[in-house]
Structures are given as C-alpha cells and as structure tokens.
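Here are my notes on the model, as numbered points. Please read them with the structure open.

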Amino acid sequence: MRTTLILAGLVGLAAAPTACKRSSDSNAPTGECGGMCGRGTRCDGNACVVDYSQDICTSQAVVQEEVPMRPPITSWGECTLDRNQLPKKFRPVDDSQIAQFDPNRPRVMDWSAGEEQLNEPVLNANMREVEYAINECLAVAACYNNGSLKGGRLDLMISLVGKTGKADAVSVTASPDLTVFGIVPCVRKAIADHQFPTYNGPPMTVKYNIEIGGTE
C-alpha cells in the first residue's frame with residue numbers, strides 16, 4: 001500500500017501581551033476566535049493557525065534545529081503478523097478513556113505558562129513515530145481482513161498539552177474502507193499513548209492527514 005502525507009498543521013491557542021506584529025484577526029476580540037490567538041497565529045474559522053506572514057520575536061520562537069526522523073513508511077497495512085498467533089475472534093482496543101476532540105470545548109488557560117510551541121520539524125518527527133504505530137493498527141486489521149486493506153484517508157485532530165506532552169483529546173475520521181476491525185479506536189489509542197516533547201506554552205491543536213492507496 002502507498003501513503004502520501006497531506007498536511008501537518010499547527011494551531012496554538014494563546015492569550016499573551018502584544019510584543020510583536022500581530023494580524024488584525026488575532027487582535028480582534030469579537031472575531032470567531034474571541035481574541036484568543038497568540039503571537040504568530042491568526043484566526044481561521046474558529047481555530048488559531050500559524051501565520052507565517054507575521055514578524056515573530058526570535059526570543060519567543062522555538063529554535064529550528066535538525067531533528068532525527070525515521071524513514072517514511074513504504075508498505076502500509078500489510079499483514080506481516082503470524083495470523084495463527086492472533087486471537088481467532090477480533091477484539092478492538094479500548095479507547096473509551098480517550099476524549100474526542102471538540103474545537104468548541106471550554107479550555108482552561110494556564111496564565112503561568114509561557115508562549116513556547118513545538119516547531120514543525122519536532123512535531124513532524126513525532127508524528128512519523130505515530131505513523132509507525134498507526135501502521136501496526138492497519139497490519140492487524142489487514143490480517144483479519146483476508147490479508148489486505150483497501151485504500152482510504154485518515155484525518156486526525158489532536159489536542160496536545162504542553163506540560164505533559166500528551167494528547168488529551170483525539171478524533172479520527174476514516175474512509176469507510178478504513179473503519180474495519182477496530183482501526184479507528186486503535187489509531188486513537190496509538191496517538192494518546194505517544195509521548196510528545198513537553199513545552200512551556202498553551203495547548204496546541206495538531207491537524208494531520210494521511211492518504212493510503214489501496215492494493216492494485
């Protein structure tokens with residue numbers, strides 16, 4: 001199977017004194033974001049997204065650095081497991097303790113937190129690790145699905161907490177062919193189990209989309 005990484009989008013929700021140039025959307029308290037967009041972000045719909053057109057203070061920005069990253073996955077959703085070692089009756093993983101992502105849920109702001117955010121290289125390297133865990137979910141599903149899966153798309157929305165480096169809410173929207181044999185709860189748990197780096201800043205919303213080609 002093949003995959004194409006569509007987007008790794010960052011959304012930082014912050015309320016901080018103005019020290020650098022900010023967009024009019026970020027400053028507008030009556031906008032859809034309620035004036036909650038922090039430095040280097042702008043309001044897009046009801047979410048704050050990175051605004052690369054702004055002048056961001058270098059003292060506040062996370063230093064860009066070379067981040068080791070595992071190679072891209074070239075074989076997705078192949079049944080590489082010994083099917084005789086799997087339970088004869090499939091049982092999905094329990095994801096009941098993982099909250100669903102809700103962009104409208106109330107957020108408790110920690111006013112003692114700084115303004116750090118994970119930079120894109122760090123986030124992408126960690127999401128690559130998550131991809132490997134997701135591929136394990138697909139491999140199990142493939143084994144129960146006569147050895148293969150059809151293609152589709154996974155849309156991930158993750159709420160990331162800086163103090164813990166953990167996702168406190170995850171939603172996964174999957175194409176119909178990728179909803180078989182517990183793929184969605186397994187993907188949600190794979191994300192919730194991953195340890196992201198901690199940072200001193202407000203929560204981040206991570207948008208991550210994966211397209212997987214079906215077997216020919």
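1. Start with the link of Cys137 and Cys186. It is left-handed, with -75° about the S-S bond. This is a predicted model. Cys137 lies in helix H2 and Cys186 in helix H3, so the pair ties together parts that are 49 residues apart in sequence. The S to S distance of this disulfide is 2.1 Å. Cys137 and Cys186 are both buried.

2. How many disulfides does the count come to? The count comes to 2 disulfides. Cys79 and Cys143 also form one, with sulfur atoms 1.9 Å apart. The link of Cys79 and Cys143 is right-handed, with 100° about the S-S bond. Cys79 sits in the loop between strand S3 (47-50) and H2, and Cys143 in helix H2, so this pair ties together parts that are 64 residues apart in sequence.

3. Cys143 has 5% and counts as buried. The cut-off for buried is under 20%.

4. Now the core. The largest nonpolar core has 34 residues. Met127, Ile134, Leu138, Leu154, Leu156, Val187 and Ile191 have the most contacts inside it. Two or more residues each come from helix H2 (120-144), strand S4 (152-161), strand S5 (166-174), helix H3 (183-193) and strand S6 (204-213). H2 gives the largest share, 9 residues.

5. Leaving aside residues up to four places away in sequence, Met127 touches Leu156, Ile158, Phe196 and Tyr208.

Technical notes:
Residues numbered from 1 in each chain as written. Predicted model: local features only at pLDDT ≥ 70, side-chain atom pairs only at ≥ 80, totals over all residues. Heavy atoms only, no water. Core = buried A, V, L, I, M, F, W, Y, C linked by side-chain atoms within 4.5 Å. Buried < 20%, exposed > 50% of the residue type's maximum accessible area, 1.4 Å probe, protein only. Helix = DSSP H or I, 4+ residues; strand = E, 2+ residues; numbered from the N terminus. Contact = heavy atoms within 4.5 Å. Disulfide = S-S within 2.5 Å.
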